[in-house]
Amino acid sequence: MSAGSAIQIPTRLPLLLTHESVLLPGSTMRTSVDSPRNMQLVRSRLLKGTSLRSTIIGVIPNTSDPTSDCDDLPNLHRIGTAALAVQVVGSNWPKPHYTLLVTGLCRFQILQLLKEKPYPVAEVQQLDRLEQFTNGHKSEEELGELSEQFYKYAVQLVEMLDMSVPAVAKLRRLLDNLPREALPDILTSIIRTSNQEKLQILDAVRLEERFKMTIPLLVRQIEGLKLLQKTRKSKQDDDKRVVAIRPNRRISHGSITEDEEEEEDHDDVVMLEKKIRTSSMSEQALKVCLKEIKRLKKMPQSMPEYALTRNYLELMVELPWNKSTKDRLEIRAARIVLDNDHYAMEKLKKRVLEYLAVRQLKNNLKGPILCFVGPPGVGKTSVGRSIAKTLGREFHRIALGGVCDQSDIRGHRRTYVGSMPGRIINGLKTVGVNNPVFLLDEVDKLAKSLQGDPAAALLEVLDPEQNHSFTDHYLNVAFDLSQVLFIATANTTATIPPALLDRMEVIQVPGYTQEEKIEIAHRHLIPKQLELHGLTPQQIQIPQVTTLGIITRYTREAGVRALDRKLGAICRAVAVKVAEGQHKEAKPDRAEVGEGEDCKEHVTEDAKPESISDTADLALPPEMPILIDFHALKDILGPPMYDLEVSERLSQPGVAIGLAWTPLGGEIMFVEASRMDGEGQLTLTGQLGDVMKESAHLAISWLRSNAKRYQLTNASGSFDLLDNTDIHLHFPAGAVTKDGPSAGVTIVTCLASLFSGRLVCSDVAMTGEITLRGLVLPVGGIKDKVLAAHRAGLKRIIIPQRNEKDLEEIAAHVRQDLTFVLAGCLDEVLNAAFDGGFAVKARLEHLNSKL
Ligand code: ADP
C-alpha cells in the first residue's frame, strides 16, 4: 500500500489508546500494550481476526488507558490515526504485554463512541487520503508555492545527513517519489519533534495548515544540524569518524543488551581517546596511539587483539611521560639523612654525598652510574633508598638476579602472545613519575640465554647518551629515561659483564666489624624490630654482650641480615611472653605459669633469674623489661650454631688457617694435609678451581726444593718429600667451589707443618700468592679477609708486604686487636706462622741432632 494511493478505512474502528507517542500517517511506530482494554483489543481483534480489515485499528494519541478494567473510559482525543497492525509480539516478562508494530494510514475523527468494553469501538470519519484529495491536482496547484518551499527544505535537510547510511539514501529517493501532501507527516515523524508538536500536526487536518506548521520544524532541524557540523569541524577529523562508526556498530549486533554493552564499551574507548589526547605523551607516541585507537574502534570486541590493543593504550596513557617530582636536594640535609639511616660505611656515604653534590651544582644526571659492590646485608639497598629520600624522589627496586632474557628489560614485542613491557617501563608505571631512583639490584647475577643478553639491553638503559630515547619493544616508541637516577648493586664485580662495568663507578661496601655490627644492631635493627613486633624498650632489653653473642655464635656473615633475622626471632618470642603475661595478669590465677618443659629447665637454671625462660619473669610487673641473656638466647635460638673452633682444629700438625674472599664477604678457611705411603701422588679435594690446584703444586715444588734447608723429611726420613709418600690436601666446606691464588702461603704453611711435625700457631691466619722462587705476591679483598679473621677471634695475620696500603682502610679498633705480619717471601711467612719461628728453629734442631 503506497503512501500516495487513496484508501478507504472502515467506518467502525476499534480504538487503541496510546499515551507516550503519536503515530502520524505514513510512519511506523512500535508501541507497548499492557493495559486491560488495549490487551483485550489485541487479543480478540488482532490475534483472532482473519481478514485484512480486522487488522485496521484506530490509534488515539495522548490518552492513557486506565490500568484497571472497571475504570471509566477517559476523554478521548478527537482525532486519531487509522493504522495497520503489522506485527504483534507477546511476552510474559516482566509482566504480560504485547509489543505492537503499527503503520499509520490516514487521519480520522471520532463521530460517536459505540462501545467501551471490553475495548472501545467508535464510528469514525476518514479525514484524508480520500479519493477526492488524491486524484485532484487542484490542491497541489493551490499549494504550489508552499509545497515547493517545503520540498526544498526537506531536500536540504536530507542532504545534510550522511548519504552513505542506506536509510538516508532511501529517504532521499522517497522525497521525489512520494506525493507532496504525504511529506509533512512523514518528515515530522523523522525529525526531532516533541509529542506536542506531533499532536499539532495530527490535528492539522487541512493540508495548507500542515505545510505551514511543518516548515518551521524543518528549518529548526536544519539550523541544529548546521550548528552541529560547525562544532564538529573544529574538532579533529577522527572525531567525525567516531560519530559515523557508531550507527554501523549498532547494526551489526541485534540484541538490545549487547547493544548497550557495546555502547558502554564504545564510551570507554571514546574516554580512552580523550585521555590519550589530553595526556602529555610525546608526539611520536601520540601518533601511534591515535592510529591504534582508530584500529580499536573498528575491531570487534571479541577479537583477542582488542584486549591487547586496549591494554597497550591504557599503559601508554598511564606512563609518566611528563610527570616528575621536584628534586629537593640539599647536601647538608642529605648528609643528615644518610648518617641517621646508616651507621659506619663512611667511605660509601662520602662518595654518595660527592655524587649528590655534583648533581646539585650541575643539575644534570649525566655521569657514571653508581654501583655498590659488597656482601649481602651490608646496606646497599637501604643506602639506595636513602638517596631517593634525600632527593625527594620515588624509589623502585628492580631485581635482576637470574634475569636471562633481554625481553625482561626491553619488553616483548606486541605480536607475541602474552607480551608485556620490560621491567624498566613497568617500574615507571608503578612509580608514576619519570624521575625516580631505580635500584638495579644484583647486576652481577644477570645470566645469558638463548633469548638474548639482558646485559646488552641494560647498556642502552644506563648509557646517558642513549637512554633519552629508550625503546621498549612493547611500547615501540621511545621513552625518555634520562631523568631516572640509576644505582646498581652487586656482590662481586667479577661476574658483571665488562661493558656494563665500564659504565659504572664501583664503590666497594665491605663487611662490618663486630663492633660496628653491635652499634648497627642497637641503633637501627633493634628499634626497627621492636616497632615491627609492637614492643617497647620497657618490655625487652638486649644488652650489648648478648648482641655480641648473637653475632659470634649464631651468625657468620659480613653483613647484618642474619643478625636482623635473629633479632626478629627474639622479638617474636618476647612478644608471645609479653602477650601471655598481659593475659595472665588479667587473670589472678598464675599457678600454671611456667608449667611444662620450660619450667623444668628453669628449676635447674635458677642461677639466672632474669632469663626470659625463667618462671619468675612472667610474674614480673609489666614495667620490668625482659632481659635477654645467653640462656634466653639458647632458649629462643637453639644451641649456638658456630663455635670458636679454631684452637681445637689446630691441635694437630698439618692444619693452617687461610683467608678467603667470597662474594658473601671474607671467610677463614682451614687447610688440612695428611700424608700416607704411596707413589708420590698429590690428591686435592674440596672443589678447587684450576688456579688453586696450581697453587698446591707450586707449594709442593717449593717445599721439595727447600726441604733440606728446613730439614723437612717424609715418613722414611728422606728429603725427597714425595718419595714413597702420597699427600692429600683438603679444603673444608667441600661443597663450596674455591679458586684463586691467595691460598698459596696457607698451603705451604700447612705442608711445612705436616713435614716438620710442628703445630701452626692457633691464632694465625694468612693470605698471599706464592711464586716458585718463594716470593709472596699481593692479593685482593684484604679488608674483608681481615674482618673475617677478626670475627673468628684470630690475632695474627700474615699478609703480603705489598698489601700494606690496604690496611689503612681497616678501622683503627680492629687494627688494634690484630698483629699484622707483612711478608715478602715464604721464609717470613713460615717464621711468623710457627711459634718461635720456623727456619731458625729447624736449623737449631738440625744442629742439635748433629750434636
Ligand atoms: P644489601 O642490599 O646490601 O644486601 P640491605 O640494604 O638489604 O642489604 O640491608 C639489610 C638490612 O640491614 C636493612 O634492614 C638495613 O637497614 C640494615 N643495615 C645494613 N647496614 C646498615 C647500616 N650501616 N646502618 C643501619 N642499618 C643497616
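Here is a short walk through a pair of packed helices and the surroundings of a ligand.

First, some ground rules: this is a predicted model, where local features need pLDDT of at least 70, side-chain atom pairs count only at pLDDT 80 or more, and totals for chains, interfaces and linings use all residues. Residues are numbered from 1 along each chain as its sequence is written, and side-chain values use heavy atoms, with hydrogens and water left out.

Let's start with the helices, which are DSSP runs (H or I, at least four residues) numbered from the N terminus. Helix H14 spans residues 346-362 and helix H15 spans residues 380-391; they pack at about 35°, with axes 12 Å apart. Those axes are lines fitted to C-alpha atoms over the stretch in contact, and angles run from 0 to 180 degrees between N-to-C directions. Where do they touch? Leu348, Val352 and Leu356 in H14 meet Val383, Ile387, Thr390 and Leu391 in H15, with contact meaning heavy atoms within 4.5 Å. Sorted by class, that contact has six nonpolar residues, one polar and no charged.

Now for the ligand. It is surrounded by 19 residues, and the closest are Tyr343, Lys380, Thr381, Lys528 and Arg561; to be counted, a residue needs a heavy atom within 4 Å. Some polar contacts (pairs of N or O atoms within 3.5 Å) show up here. Thr381 has a polar side-chain atom 2.4 Å from a ligand oxygen, and a side-chain N or O atom of Arg561 is also 2.4 Å from an oxygen of the ligand. Tyr512 places a polar side-chain atom 2.9 Å from a ligand nitrogen. H15 and helix H20 (514-532) each give two or more residues to the shell, and H20 gives the most, with four.

Key: Nonpolar A, V, L, I, M, F, W, Y, C, P; charged D, E, K, R; others polar. Polar contact = N/O pair within 3.5 Å; in protein donor to acceptor, adjacent residues only side chain to side chain.
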